[in-house]
Amino acid sequence: MPHHPDTEILHRGEGAREGAAPLTTPIYATSTFVFASAAELEAYQQGKSKAYIYSRYANPSVQAVEEKLAALEGADAALVTSSGMAATATALFGLLKAGDEVICSAAIYGGTLQVIGGFLTRFGVSARFATLDELARPDRLIGPSTRVVWFESPINPTLRCVDIRPLAEACRARQVLSVIDNTFASPVNQQPLSLGVDLVMHSVTKYINGHSDVTAGALAGRSELIERLHPARRFFGGVLEPASAYAVARGIKTLGVRMARHNASAMAVATWLAGDPRVTRVFYPGLPSHPDHDIARRQMKGFGGMVSFEASGGYSHACRFFDRLQIIRRAASLGGTESLCSLPVLTSQYGLSDEELARAGVTRGMVRLSIGLEHPDDLVADIDQALR
Ligand SMILES: *Cc1c(COP(=O)(O)O)cnc(C)c1O
């Protein structure tokens, strides 16, 4: 059929290439997928075809990431989303209904508090926020209407750890779903499913992508559970763009070597800080002085790249330290190749009262470091000059 050039440029060159088998999964930059016939579409609708129909439902570039993430967490399946918060919302709205109760660690990512306290409770879900001591005694915590227990470990910015296995076992014994935000550990350092947790959530924005250039999230678990959550992602629409999925798939390929370096450099920095008289306290689960060192040793393969500390002199000294940094960049977020510094009272704990800060274990002089991939000697030298 003769084509007008306007039509020709739309159709010529589109579609699959025979004989061109790429090593990497390409960016399937398409919102929709072509069907050859009505019979093929009918087979799809009857669930008898593995074809794709629409990128909000599934996209090959996104699925490549899901397969990698499932492998990393030792999960049957994973679901990738457009941000960590989209993963959190997808999970909570997908699992809970009016009348259910969610128990959430009080020490949790601020956005998670907002979704649970600010939104879920508007739809008849009741929420209880538990201290670390309460989470350590789950028998007393879990009630008859509890359906989900949500927690994270290590926790920002104190890097306190929850003893995962007993909490997960107590949940399972009562048919309550346990969900962990595993962002700070990364799947390389901690595999919660092997400790009995039902569902793992990640801000892929952080270590998993690892290059501070994509916002993404993920959920990983048994296929039955991931299947249950598919509609929430599909109909709330928190899907990841194929181009971002490609970047994440590339980032994941180096996660193992990046985490080894993050772990080693953070341990070096934490050890150096612990030996410096200008530093009053260091928070790193790899140090024997950390209150949860034994728990971390049991459940983590590495202690991660996050280090917090308190310099003598309180808030004004922390600000001065922050302003004097030359290599470590002043930015929120974490888990990328460049080292970052943030002040919790100006970021994650901004606006909290003294009492709320005390409950979170955060002081006004606290500094948080995300140790990147620079040479650790340069990082220590930068910290040293900034403390002067
Ligand atoms: C960043 C972060 C989130 C939120 O993820 P986004 O990708 O920013 O939506 C959730 N939990 C933790 C622990 C985080 O650090």
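In the predicted model, Asp-292 and Arg-160 are joined by a salt bridge, and their closest N and O atoms are 2.6 Å apart. Side chains of opposite charge can pair when their charged atoms come close. The rule finds two salt bridges across the interface of domain 1 and domain 2. Polar contacts were searched for across this interface as well, and 20 residue pairs were found, with both residues of each pair at pLDDT 80 or more.

The elements that supply two or more residues to the side of domain 1 touching domain 2 are helix H9, residues 186-189, and helix H11, residues 242-252. Of the elements on this side, H9 gives the most, with four residues. By residue type, the side of domain 1 that touches domain 2 divides into 15 nonpolar, 13 polar and four charged residues.

The domains themselves come from the domain assignment of the protein, which places residues 38-253 in domain 1 and residues 255-387 in domain 2. In the contact, 32 residues come from domain 1 and 39 residues from domain 2. The centres of the two domains, taken over C-alpha atoms, are separated by 26 Å. Between them, domain 1 and domain 2 bury about 2,700 Å², and carbon and sulfur atoms account for 56% of this area. On the side of domain 1, the residues that lose the most area to domain 2 are Pro-157, Asn-189 and Tyr-207; together these three make up 27% of what that side buries.

Pro-157 also has a feature in its backbone. The peptide bond that joins Asn-156 and Pro-157 is cis, with omega at about -10°. Pro-157 is part of the loop between S4 and H8. A cis peptide bond is also found from Ser-153 to Pro-154, where omega is near -10°. Pro-154 lies in the loop that runs between strand S4, residues 146-152, and helix H8, residues 164-173. A further backbone feature concerns Gln-175, which has a positive phi of about 55° although this residue is not a glycine. Gln-175 is placed in the loop between H8 and strand S5, the latter covering residues 177-181.

For Asp-181, an N or O atom of the side chain is 2.6 Å from a nitrogen atom of the ligand. The side chain of Ser-203 has an N or O atom that is 2.8 Å from an oxygen atom of the ligand. In Thr-205, a polar side-chain atom lies 2.6 Å from an oxygen atom of the ligand.

Salt bridges were also searched for over the whole structure, and 17 were found. One further pair is that of Glu-66 and Arg-233, whose side chains meet in a salt bridge with an N to O distance of 2.9 Å.

Terms used
Residues numbered from 1 in each chain as written. Predicted model: local features only at pLDDT ≥ 70, side-chain atom pairs only at ≥ 80, totals over all residues. Heavy atoms only, no water. Domains from an automatic or database assignment. Contact = heavy atoms within 4.5 Å. Buried area = accessible area lost by both parts, 1.4 Å probe. Salt bridge = Lys/Arg side-chain N within 4 Å of Asp/Glu carboxyl O. Polar contact = N/O pair within 3.5 Å; in protein donor to acceptor, adjacent residues only side chain to side chain. Nonpolar A, V, L, I, M, F, W, Y, C, P; charged D, E, K, R; others polar.
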